[in-house]
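This report looks at one strand, its sheet and the residues packed around them. The sequence and structure follow.

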Amino acid sequence: MTDQIDLTEARKYLTTLTLQAGKVLQKYFISRDFTSRRKEGVDFLTQADEEVDRFLRENIKRQYPLTFLLTEETAPEDYSSLKQADNLWVIDPLDGTVNFSRNHPNFAISVGLVDKGIPKLGVVYIPMTNDLYWAERDQKGAFLNGKLIKISPTENLGEAVIACDWGWQLEKRLSVIRWLSGIVTHVRQIKSMGSAVADLASLAAGKIDGYIHSGLKPWDVAASALLIEKAGGKITTPAGGNWDIFHPEMLASNGILHDKILNLIEK
């Protein structure tokens with residue numbers, strides 16, 4: 001049995017909690033006084049990742065004891081059983097750890113509430129710019145600092161700004177290179193900004209027009225995907241297929257450019 005969660009109450013609780021977690025990241029970012037340790041391959045985490053992960057887990061579980069948790073820093077190697085879970089909190093305590101460690105402010109906290117892989121509540125916080133995004137499944141629109149946001153109105157590929165990023169599985173990066181090879185000569189700019197959570201939130205707010213990635217995890221997208229949907233955008237796989245938060249490959253866009261980008265990828 002799981003709790004019946006009131007989304008608006010949960011969103012209010014989460015925004016308060018996420019702002020508190022953001023203060024922890026701000027403290028470490030400014031002081032530069034934190035330890036780091038290696039994970040798999042070229043991946044690593046910092047003391048800040050672990051502290052915020054623990055803070056969010058403990059408080060959410062205390063508030064919602066009958067729910068499930070999937071967080072970047074505590075996820076089992078195989079979490080496929082959670083694809084069918086209701087009231088699943090999917091948490092990334094610090095997305096953009098490389099940026100954080102190199103004194104670059106583009107990093108984010110993400111908390112999403114998911115039923116059977118479908119996001120129903122998403123909160124994203126960018127601590128160093130104090131930008132708080134949220135969306136609820138049962139409400140219209142996505143919001144940034146309390147104001148309604150919309151995807152960009154860009155129609156012309158020649159004016160499009162597309163972002164990408166690089167997964168920790170090194171061989172999967174070659175897929176991004178292959179997709180970009182069809183896109184790069186047709187758009188205004190390609191960006192790689194180092195935080196899937198923050199960059200997808202930027203797409204929802206109309207700051208970029210598209211985003212492509214080959215190695216995403218559920219905690220990278222559970223909240224930001226709902227922002228994009230509620231802001232009027234579109235998400236598929238880069239092959240044009242159905243997408244959900246457990247699919248590692250993503251093409252997200254303002255919707256207007258989606259088929260045009262897919263055609264370039266296919267070529």
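## Strand E14 and its partners

In this predicted model, strand E12 (residues 210–213) and E14 run antiparallel and are joined by 4 bridges. Within E14, serine 253 stands opposite glycine 210. E14 also pairs with strand E13 (residues 234–236), again in the antiparallel sense, over 3 bridges. Here leucine 251 in E14 is the bridge partner of threonine 236.

In a regular strand, side chains alternate between the two faces of the sheet. Along E14 (residues 250–253), Met250 and Ala252 point one way, while Leu251 and Ser253 point the other way; all are buried.

## The sheet

E14 belongs to an open sheet of 5 strands with mixed pairing, in the order E11-E10-E12-E14-E13. Strand E11 (189–191) and E13 are at the edges with a single partner strand each, so one side of each has no neighbour in the sheet. From one strand to the next, the twist averages 15°.

Strand E10 (residues 161–164) runs parallel to E12, with 3 bridges between them. In that pair, alanine 163 has tyrosine 211 of E12 as its bridge partner.

## Helices on the sheet

H5 lies across E12 and E14 and runs at about 150° to E12. Helix H8 (residues 258–266) also packs on the sheet, where H8 touches E10, E12, E13 and E14; the direction of H8 makes about 145° with that of E14.

## The nonpolar cores

The largest nonpolar core has 43 residues, and Val124 and Met250 have the most contacts inside it. Helix H5 (residues 196–204) gives the most to this core, with 7 residues. Another core, of 30 residues, lies apart from it and includes Leu7, Ala21, Phe29 and Phe143.

Among the residues that methionine 250 touches are Leu200, Tyr211, Ile212, Ile235 and Trp243.

Key: Residues numbered from 1 in each chain as written. Predicted model: local features only at pLDDT ≥ 70, side-chain atom pairs only at ≥ 80, totals over all residues. Heavy atoms only, no water. Buried < 20%, exposed > 50% of the residue type's maximum accessible area, 1.4 Å probe, protein only. Helix = DSSP H or I, 4+ residues; strand = E, 2+ residues; numbered from the N terminus. Pairing = 2+ DSSP bridges. Core = buried A, V, L, I, M, F, W, Y, C linked by side-chain atoms within 4.5 Å. Contact = heavy atoms within 4.5 Å. Axes fitted to C-alpha atoms, helices over the stretch in contact; angles between N-to-C directions. Lists of a residue's contacts leave out its neighbours within four places in sequence.
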